[in-house]
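Please keep the structure in view while reading.

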Protein chains: 2
Amino acid sequence: MTLQNDLILRAARSEAVPRTPVWMMRQAGRYLPEYRALRSEDEFFTVCRTPELAAEVTLQPIERFPLDAAIIFSDILVVPQALGMDVDMVRGKGPVFTDPLESPDELARLVEPDVESALGYVADAIQLTVERLAGRVPLIGFCGAPWTLAAYMIEGSGSKSFSRARSWLYRHPDELVGLLDRLANVSIEYLDMQIRAGANLLQVFDSWAGMLGPREFERFALPTLQRIRREIGQRHPDVPVVVFAKGAHYALNDLAEAGFNVVSLDWTMDPRQARKEVGPNVALQGNLDPALLYAEPEVIRARVRDMLAAFGPVGHIANLGHGMHPDHNPDHAGAFIDAVHEVSEELIAVAAA
Amino acid sequence: MTLQNDLILRAARSEAVPRTPVWMMRQAGRYLPEYRALRSEDEFFTVCRTPELAAEVTLQPIERFPLDAAIIFSDILVVPQALGMDVDMVRGKGPVFTDPLESPDELARLVEPDVESALGYVADAIQLTVERLAGRVPLIGFCGAPWTLAAYMIEGSGSKSFSRARSWLYRHPDELVGLLDRLANVSIEYLDMQIRAGANLLQVFDSWAGMLGPREFERFALPTLQRIRREIGQRHPDVPVVVFAKGAHYALNDLAEAGFNVVSLDWTMDPRQARKEVGPNVALQGNLDPALLYAEPEVIRARVRDMLAAFGPVGHIANLGHGMHPDHNPDHAGAFIDAVHEVSEELIAVAAA
């Protein structure tokens, strides 16, 4: 399928673009009334597991906004599910594991999944979505980083401190590394399958990287991120991969050196400083504070202008610095997207003149 | 009262010390059985408001461990209480406001407190504690930074995203600045009162600074921190002040330039990098991952050695990078304290030789 809009792929490869591409983390989600209408009938993971529904939800923001990419509707925790763990999505609380890993003894409970059969529904959803996108924009596939998956599997839910998961860093480091390696193995097969199903770009979400100090990041997060990037690169050298290690402000250079095409920034990062750390050949993604979407459109537009100026015209994928909130106003998301397109076109034309 | 151990005051002023002083954030708290025994009878804020109980709890870790400072048992949210807000401490959930500030209209609900009468119980607790400490170690007084207090007052409780509070950054910036200024005014009087009651050192906790991007920190956090430091400095030039802006990895230099004697680091910060940013004349505090206390004592000791080497022998107050957890083993806290003392004495002796 020929893509009519490949701006995000060009930006991911740090090639020149006529305007900055934009998408939003959690762009398909509860802030959209059409999503809430659908979700009132089906449970979250039922939507993920039903290709027809997952494709429909994936396309909702694409039908509504001139976004430059779709991202397959799914959740990073489908991988722990494939390893045999039960997870429910509880409204207002997020994911809840029925039986988190209380101790390393319980690692024996985990199965070695056959990815094609355990997660084949994601491949089906991707195929269906690509068909319906009909080349309008690229489709992003994704997975959670091993550390973030392990943190959920041990903690059992989101947490302010992740103290159970962090206790393994110091009490059970070898067993934790073993778990991370198993998760990396599955994640590599899972991303590979997503590419074969039609994903054009990948993102690895290390949402809880910021719970780690620099030394623990180096030991417990970076090695599997490096390995995932390397093995996907060997199998699919042309597919760009984005990494988002939220809160790991100290790791930008390491992530760039790991071979990721794009390093995604949370909203606490200064884009100019980040550019210094990743060098000229790695693209950056981000990074407006998602809470900015509570502001009036003219405030959003002014901040988009500042953001675009800070990132510069080449090697930037515009995004928020984290996922959208369920109480965001869709019109403000639209104002954000329009502002990125209009202002970046203006700035890039000026820079070229 | 002459202090028998003033190591922490000397370290805060970046003077040479024979061994590195150490205390722990939340060193008085639920991880101690003697605290749980007392709290089973009294509510959290009852303990804060009852000088006899607050003094007893403050002294519990001092009786048990060779700590180099006590910190008055209280909570940053006594200031919002003094402004007329109801806050309860709910076990397993943390603070919960009965009626958070839903909109700027509700700012009119807040009263202008007379600090001496509204918070006099803290001064009484400090006086009683100083008397009972009898010069053994200095006593730390503290308050919350205006941004962190405002975040709780708007959000109503701790939160993973603080999305209501962050919406004010962009929807109601002027009203938020007004609230921050009022909180700063009260905080200055409150800290002043604590010094007059006998506190030897102060710490300002900006626990939710990390929810702010660099620009929002500069507008909504830094100005009141600067003003608090300046006004306390004018009234009490000899009392060192520590600032802990958790997660504000981009702000270390600004905090040093604001005149704080000590910049406290969370566990995601590299001590050597932090030293470069604050310069040679500002002390640093921290910063082992609190989760390290789940490890065995020999693991704790090895990490303490690395930490002490990274901070160097001058201008360092050893601490964790955040508060202790309720499920920490007191013996491991003891191992941490002993390791700081023994290893720092060894390293400082070697450096002097």
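The model discussed here is predicted. In general, two copies of a chain are related by a rotation about an axis and a shift along it.

## The interface

In the contact between the chains, 24 residues of chain B meet 24 residues of chain A. Helix α9 of chain B, residues 163-171, gives the most to the side of chain B that touches chain A, contributing six residues. By class, that side of chain B holds ten nonpolar, nine polar and five charged residues.

Of the interface residues of chain B, 100% are also interface residues in chain A, so the copies meet through the same surface.

## Overall form of chain A

Chain A contains 15 helices and nine strands. Its radius of gyration is 19 Å, close to the 20 Å that the globule rule gives for 353 residues; chain A is therefore as compact as a globular protein of that length. Along the principal axes, the C-alpha trace of chain A spans about 65 × 45 × 40 Å.

Of the 353 residues of chain A, 53% count as buried. Among the contacts in chain A between residues at least 6 apart in sequence, 75% join residues at least 24 apart.

## A buried strand in chain B

Are the residues of strand β5 of chain B, residues 201-206, mostly covered or uncovered? Six of the six residues of this strand are buried. B:Leu201, B:Gln203 and B:Phe205 point one way from β5(B), whereas B:Leu202, B:Val204 and B:Asp206 point the other way. In a regular strand, the side chains alternate between the two faces of the sheet.

Strand β5(B) pairs with two other strands. With strand β4 of chain B, residues 139-144, β5(B) pairs in the parallel sense over five bridges, and B:Phe142 stands opposite B:Gln203. Five bridges also join β5(B) to strand β6 of chain B, residues 241-245, and these two strands run parallel. Here B:Leu202 stands opposite B:Val241. From β5(B) to β6(B), the chain crosses through helix α11 of chain B, residues 214-235, in a β-α-β crossover that is right-handed.

Note on methods. Residues are numbered from 1 along each chain as its sequence is written. Chains are lettered from A and ligands numbered from 1 in the order in which they are written. This is a predicted model: local features need pLDDT of at least 70, side-chain atom pairs count only at pLDDT 80 or more; totals for chains, interfaces and linings use all residues. Two residues are in contact if their C-beta atoms, placed from the backbone, lie within 7 Å. Helices (H or I, at least four residues) and strands (E, at least two) are DSSP runs, numbered from the N terminus. Ala, Val, Leu, Ile, Met, Phe, Trp, Tyr, Cys and Pro count as nonpolar, Asp, Glu, Lys and Arg as charged, and the others, Gly among them, as polar. The radius of gyration is taken over C-alpha atoms; the globule rule is 2.2 Å times the number of residues to the power 0.38. A residue is buried if 20 or more other C-beta atoms lie within 10 Å of its own, exposed if 12 or fewer, and partly exposed in between; C-beta atoms are placed from the backbone. Two strands pair if DSSP finds at least two bridges between them. A crossover is right-handed if, with the strands pointing away from the viewer, the path from the first strand over the helix to the second runs clockwise.
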